[in-house]
Each structure stands twice: as C-alpha cells, then as structure tokens.
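Subject: A structure for you to look at

Hi there,

Here is the structure I promised to pass on to you. Please open it beside this email, and then read on for what turned up in it.

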Amino acid sequence: MFAEVIVDISHSDVDRIFEYSFDDCGIVPGSRVVVPFSKYTVEGIVIKVKEKSEFPPEKIKKIIRLLEETPALTPETLKLSEYVADTCFVTRAAALRLFLPVEMRRGKVKERLVEYARLADGVDADAVAPTLRKTAVKQRDLLYFLQENGQTEAAWLNSEFGAGAVRAAADKGFVVFSEEKRLRSPYLGLNAENKKVSLTAAQRAAVESIEKTEKQTTLLFGVTGSGKTEVYLELINRAIARNKTAIMLVPEISLTPQMLKQLRARFGDSAAILHSGLSAGERFDEWWRLRNGEAVIAIGARSAIFAPLTDIGIIIIDEEHDGSYVSESSPRYVTAEIAARRAAHYGAKLVLGSATPSTESYLKATEGEYNLAELPERINKKPLPDVEIADMRAEIRRGNNSPFSAALKNELSKCLESGNQAIIFLNQRGYSKSVICTECGHVQKCASCDVSLTYHKEDESLLCHYCGAKYKMITACTECGSPYIRYGGFGTERVVLELKKLFPSARILRMDRDTTRNKEGHLKILAEFSARKADILVGTQMIAKGHDFPFVTLVGILDADMSLHFSDYRSNERTFQLITQVAGRSGRADVAGKVVLQTYSPENAVLRRAINYDYKGFFEHEISIRKATGFPPYTSIVRLLVSGEDEETTVGVTKSVYEDMNAIYKQNRSAFAFFGCMKAPLKKLQGKFRYQVLMRVYGSPDIIRKAGKTAEKYNSGKVGVHIEINPNNLV
Ligand code: ADP
Ligand code: ZN
Ligand code: ZN
C-alpha cells in the first residue's frame, strides 16, 4: 500500500506531497506517521492511501511507524486544511498544524500515566502478614491498607509506607503494579450550580428561528443583558440530544472560564476547553477527549474552531463582531469563514451573536443572506443604563487635569457609598502612554520601532507595546539631559493610583495584560471582583466584553474617543461597539445602571448614537459611507506588506511588487476602488522597515489570488512579502 504524506516542515520548497509505502493496515487518511526524510526522520500526516504508486518502487521509502491508532484528522478536517492552505496562502503543513495541539507534534507531550499498586490476585493480607518478619511493620500495614482500600496510587503509598516496604512487598509477589491514564483537567475548581431558567418568549422565539430557518447562518442580534447565553445553551442542548456535537467560541481567553462554568453546570464533562492559556498537558488531554468522543462540546477562543469534532450540529460565535476572530498572524484565517465551511459539511447551524454586529454581518442579514433573530430587550425588561457625557475640554478649562471628570467623581462616590461596584475602562495599560522632555520636547522612542515608549511604574521600565522591548526608565532626557520629564496620557496603572488618592478606603483591582500574565490570572481577578472583594475594577478592553457582574451599577469610560482618531476605516464601528459593550456591564441586576462617558468631542455623531443605543441608525449611516467611498464590506482591502532590515533592498522589492500588481491594475481598473504604493503607517517595526502596496478590490477572488502569488514570488528570508486581506489593524 502507498500513502501520500504531508511532512511537518513548513517551507515552500517541500510544500508538496511525498509518497511512502506501508503494510500496516492501521494507516488511513488523517493518520500521523513518522517517515524518513532526506537524512532525518520527520512526522507527517497521511492525506491519501492508495494501491498503486507512479514512482519506481526502489525510490519509495517505507513509513517508519504510525503515531496513534486514532487518526488525528478526519476526512472533513483534511479537506478543510486544504481550503485553509489555498485561501490563506500558506503551506499545507502550516495549515495542518492548526488542527493539532502544538504539543502533540514531535511527541512533546504524551498521555500522563499514573502508577497504581494493589494486592496481587488471591493474596489475603490476614494470611500473608504473619509470614513476614516481625520488624516488617510497614509492609504489614501496607498489605492491610491495600486490602481495605483497594488500588492506590503508588507514589502516595511510597510516601506513606516507604518506598522500601512497597518494593519488598512487590518482590515477594504480594503487591502488583499497573499503569493508568490520568486526565489533566483544566479549571477543576470551576463549577457552578445548574440554575434551571425557563426561557423567555423572546429567547424561545430566537431558538426556534435559528433551528427552523432554511438558512445556515443566523445573526442573533441581542442587546447586552438580553440573555443570549441561555439561547446558546438551549441550542447546544438540543444538538447533543440529537447526538450531535457543538462548538462554542468566545472572543477572548479571559471569557472562556465563565462560559465553561455554565456549560459544565449544564452538560458536565461533555464540555472540553481548548485554548493557548492551558498547560500543554491539559490541552493535549482535552483535545483527545474531543477526538475520542468523550467530550462533545468544544469551547474556546478563535482556534477552537479547529476542534477535532465530527457530526457537528451547531457552531456558535459569541460577540461575532470582535476583532480577535480574524487571526493576526499567519495563517490569517477568518473564523466565521472556517465555521461556515464546517457547518456546511455537516448541515449544522451557525449562530453569530452580538449586541453590536459587524456592519458586514448586519448587511448580510438585511440582504437576506443570513437569518436575523433579535432580542431587543434586556431580561425582565431592565432598562439599558443611562449614559451621561462628560465634556473633557470643559474640565480642562476648569483646571481639572486628573483623569476623572467632576461627574465621574461624583457618581463614583455615590456608587461606593451605596456599597455597589464600579468599572473604570480605558484602553491603555501602563502608567503613562508616553514620556516627554519638558525642555526640548523629545519623546522617548523604541530603538527598533517607530513608536513612543510606555512608562510602567511598577518595575520602573519603558516598554514598547509593539515589539515588547524593555528599557530602563530614564532619569534625564536622552537628547538634552534635562531632568524635567512629563508624562503624556494616562494608563491603567496611573488611574489606579489616582483613584487611591481620591477614595483611600476603596478596594481596587486592575485587569490588563500586565496583571493577567499568570495562568488563570484572569480568572482570579474576575472571581475576586464577582465575590465583591473589591469595589472598583480598572481595566482595558479585557473587561469590556461579556462579563456579567450583577453588582456593577457604574461604568466610567475614560477615553471614549481614543479609537475615533485612528485612520482605520473601522474606527467608527469599533468606537460604537466598545461603548455599547462597556456600557452593557452596568446595571445588569436590580439597581439601575449608570455610565459616564468622557470625551473631547461630545458632539460626535457616533458617540451620540452609541449613548442612545441606536445601532440601526449607526448602521444605516456607516454603511452608506462605506458604499460611497468603496470600503469593506463593498470591497476587500488587500495589503502586500514588504518588510526588511535593509531599507534600500526593501524599497527595491516593493518596487517589483508594485510593478507586478500595477500590470494587473491597468488591465482591470474598474475592479479597484483604490490602488497605491507607500510607506506603511508604522514605518519601522522590530527593526524592520515597512512598505506596502495597498488596494481596495471589488469582490474579485482572482485579483486576490494573483496578489497572493505575487507575495509568494517575492517573499524571501531577507525581505518578507506578506498578503493581508481586511486586516484588523493597518499599522
Ligand atoms: P447577554 O449575553 O445577552 O449580554 P446574558 O446571557 O449574560 O446576556 O444574560 C443576562 C442575565 O440574564 C444573566 O444574569 C442571565 O443569568 C439572566 N437570564 C438570561 N435568561 C434568563 C431567563 N430566561 N430567566 C431569567 N434570567 C435570565
Ligand atoms: Zn530634552
Ligand atoms: Zn519596539
């Protein structure tokens, strides 16, 4: 027999199929195998098995061995990997890696086997104990213990009775050992009661609509606090009752434990979690539980869309508008597209849920491509929180240089006095956004990136938030030597310090990338806040989404317009989404919620619509602009990013890329809304100069494919050329 194998080396030189022979009948498409490859052995995945080979027999080498009995990939995921390779312009090997836990490759992690000991068959402690030497007290105790308690972990027995006694009893044949697989389960402490709620009429209607529609995809448009989660749980419940499986995606790792808790409460061990924050062993075991069918619900962030499930009945993407669903690193897949393909294969339903749908999804719903289900009201008709705008220009005129407006200070003290909780949101971690010399105006910058450095007071460092480089905080300007340094902009660290000055007795938690580095770090902070061990939670966008804190009655948004000033075409949409999401954290239980939104442009139309929860008004306005100016969803933004350490070579390659694309542009002018070549917005990043050929293309897969080929043609070790399609951030 012969097998076509993709070897686990992601390099364009070996991006093709290699053939091997085998006689082990356990090898099927999807099997992981070890094969000889030039002078080495490598792992690979069998994609096809056949009787005959075109190659002369003496040229064909033999598969060395099969790695696991169960094929890691299924016919469906094998096909999907081909699609990913084609549409994301990556090698087949790179695409296949998405479907396996990293640690499975190269056998980095294996099953955890635990050694157990028990009395050998037919051994009776009462009979054999008297035959032992009088001094062998420990051995006697051990035998009686095992007689009473049965099989016990050997490591525990060794520490309890002494390894010598255990070994001696085994040598005499009284005790035998066996090994068993032990699962490493994440978040063991995470359990909740299954509070059985009956769905509201609106929730029931949404469930019915999603199940009955002929359309594969439903956009579930439900305001914050409208009970979308219960709709998801019911849909999953119905799917598994029909012996189908389910995939539930949330936008951030920090939201997975909360969802897992609810899934476990309802479905017990049937839910498995997949995300990069787990330990290698946990991820490995959870993955296999799904592959073996021990677990039928996969939950996780973006990458869980590749969960090794078959017979999928439902796929849910919660907060579908979130940017994290588009991969920022290669392979740059779009989660919803992968989900749609998997759903189509199994005839499953796909649900995209959001309080602020992406304009792209909402357009599809209005045009009839998606089914639209709505939850227009909060549970129990609770009102959405009242939003007050604080004009920060007026605050400055009044001489208020603190990060808090008078209105927010006032609301904070009322909230704390009444024993409720508050959330303060700002999208900047660290102490100050930049460090500026008051004498010469010099801004401290990263040596390898064209960006200013953020001051982190906790470890007196200056951090580059783009490349992660860390510098020592300066005591004097590096340009002119002046010791007078000004801090530009507030970060979460500073906001906490300022809050402590204002409210010395308030208990404050901070949640951002810096405070959540430890494993389960998110969980700890959220649990503390949930248990009301703190009064104020200060955080970045990590706290904006999804969390349900019943005692939060006040939300302060410190820099509502920060994202308005980005050059990105999505900045309006992002601002609207962010404000709605953050505001949605307030007033979710009995006490009415309040939001104070601080801004330097209080008359801005996007902010106005956001504070009135006018999504439809926002959408109408936004989509008409996109149409008129030729932006997504009417076009695709295609960027060929050229980057290299040597500026001259980089410019040279950019010219070649431009010329190739320009030839295509000249032939199809009408397919382009824009075509140009320029420096990238971030001219230098991680020591590399960056140039781009930027295009906006009207639905033309052919042009995109050609752009992908052009990137491949010029991409080299020296100068990278990469294609991005509708990237999240055009930096
Ligand atoms: P969303 O995800 O739409 O923002 P959630 O799913 O978090 O909203 O629901 C908001 C709150 O309403 C939660 O505390 C949830 O437990 C509660 N809830 C949801 N559905 C019901 C129901 N049918 N009956 C009672 N409470 C409900
Ligand atoms: Zn200076
Ligand atoms: Zn940097």
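**The cavity and its lining**

The lining of the largest cavity is made up of 6 nonpolar, 1 polar and 5 charged residues. Before you go further, please keep in mind that this is a predicted model.

How many cavities of 30 Å³ or more does a search of the whole structure find? The search finds 1, and the volume of the largest cavity is about 90 Å³. As background, rolling a probe the size of a water molecule over the atoms shows where empty space is left.

**The nonpolar cores**

Which residues touch the most other members of the largest nonpolar core? They are Ile305, Leu537 and Ile557, in a core of 84 residues. Helix H1 (residues 75–88) supplies the largest share of this core, with 6 residues. There is also a second, separate core of 29 residues, and Val231, Leu235, Ile297 and Leu375 are among them.

Setting aside neighbours within four places in sequence, Ile305 is in contact with Ile247, Leu249, Ile315, Tyr333, Thr335, Ile338, Ala339 and Arg342.

- Is Thr213 buried or exposed? Thr213 is buried, because its relative accessible area of 15% is under the 20% limit. Thr213 sits in the loop between helix H7 (201–212) and strand S10 (217–222). Beyond its neighbours within four places in sequence, Thr213 is in contact with Thr218, Lys349 and Asn371.
- Ser505 counts as exposed, because its relative accessible area of 69% is over 50%. You will find Ser505 in the loop between helix H15 (492–502) and strand S24 (508–511). Ser505 and Thr438 are 67 residues apart in sequence, and their C-alpha atoms are 34 Å apart in space.
- Tyr144 belongs to helix H4 (residues 137–149). With a relative accessibility of 34%, Tyr144 lies between the 20% and 50% limits, so it counts as partly exposed. Leaving out residues up to four places away in sequence, Tyr144 touches Ala125, Asp126 and Ala129. The C-alpha atoms of Tyr144 and Ala129 are separated by 8.3 Å, with the two residues 15 apart along the chain.
- Pro383 is in the loop between strand S16 (371–375) and strand S17 (386–391). Its relative accessibility of 52% is over 50%, so Pro383 counts as exposed. Pro383 and Arg588 are 205 residues apart in sequence, but 9.0 Å apart in space from C-alpha to C-alpha.

**Backbone details to look for**

Most residues other than glycine have a negative phi, and most peptide bonds are trans. With that in mind, here are some places to check.

Which kind of peptide bond runs from Ser330 to Pro331, cis or trans? This bond is cis, with omega near -10°, and Pro331 is in the loop between strand S14 (312–318) and helix H11 (335–346). Pro632 and Pro633 are also joined by a cis peptide bond, with omega about 5°. Pro633 is located in the loop between helix H19 (615–629) and strand S28 (635–644).

As for phi, Glu460 has a positive value near 45° and is not a glycine. Glu460 lies in the loop between strand S20 (454–456) and strand S21 (461–463), and is partly exposed at a relative accessible area of 40%. Gln686, another residue that is not a glycine, has a positive phi of about 50°. Look for Gln686 in the loop between strand S29 (672–685) and strand S30 (688–698).

Enjoy exploring, and do write back with your questions.

Best wishes

How values were computed. Residues are numbered from 1 along each chain as its sequence is written. Chains are lettered from A and ligands numbered from 1 in the order in which they are written. This is a predicted model: local features need pLDDT of at least 70, side-chain atom pairs count only at pLDDT 80 or more; totals for chains, interfaces and linings use all residues. Side-chain values use heavy atoms; hydrogens and water are left out. On a 1 Å grid over the protein atoms alone, a cavity is a set of points where a 1.4 Å probe fits but cannot get out, and a pocket is an open set with protein on both sides within 12 Å along at least five of seven lines; lining residues have an atom within 4 Å of a point. Grid points are joined across faces, edges and corners, and a volume is the space filled by probe spheres set on the points. Ala, Val, Leu, Ile, Met, Phe, Trp, Tyr, Cys and Pro count as nonpolar, Asp, Glu, Lys and Arg as charged, and the others, Gly among them, as polar. A nonpolar core is a set of buried Ala, Val, Leu, Ile, Met, Phe, Trp, Tyr and Cys residues joined through side-chain atoms within 4.5 Å. Buried means under 20% relative accessible area, exposed over 50%, partly exposed in between (1.4 Å probe, protein chains only). Helices (H or I, at least four residues) and strands (E, at least two) are DSSP runs, numbered from the N terminus. Contact means heavy atoms within 4.5 Å.
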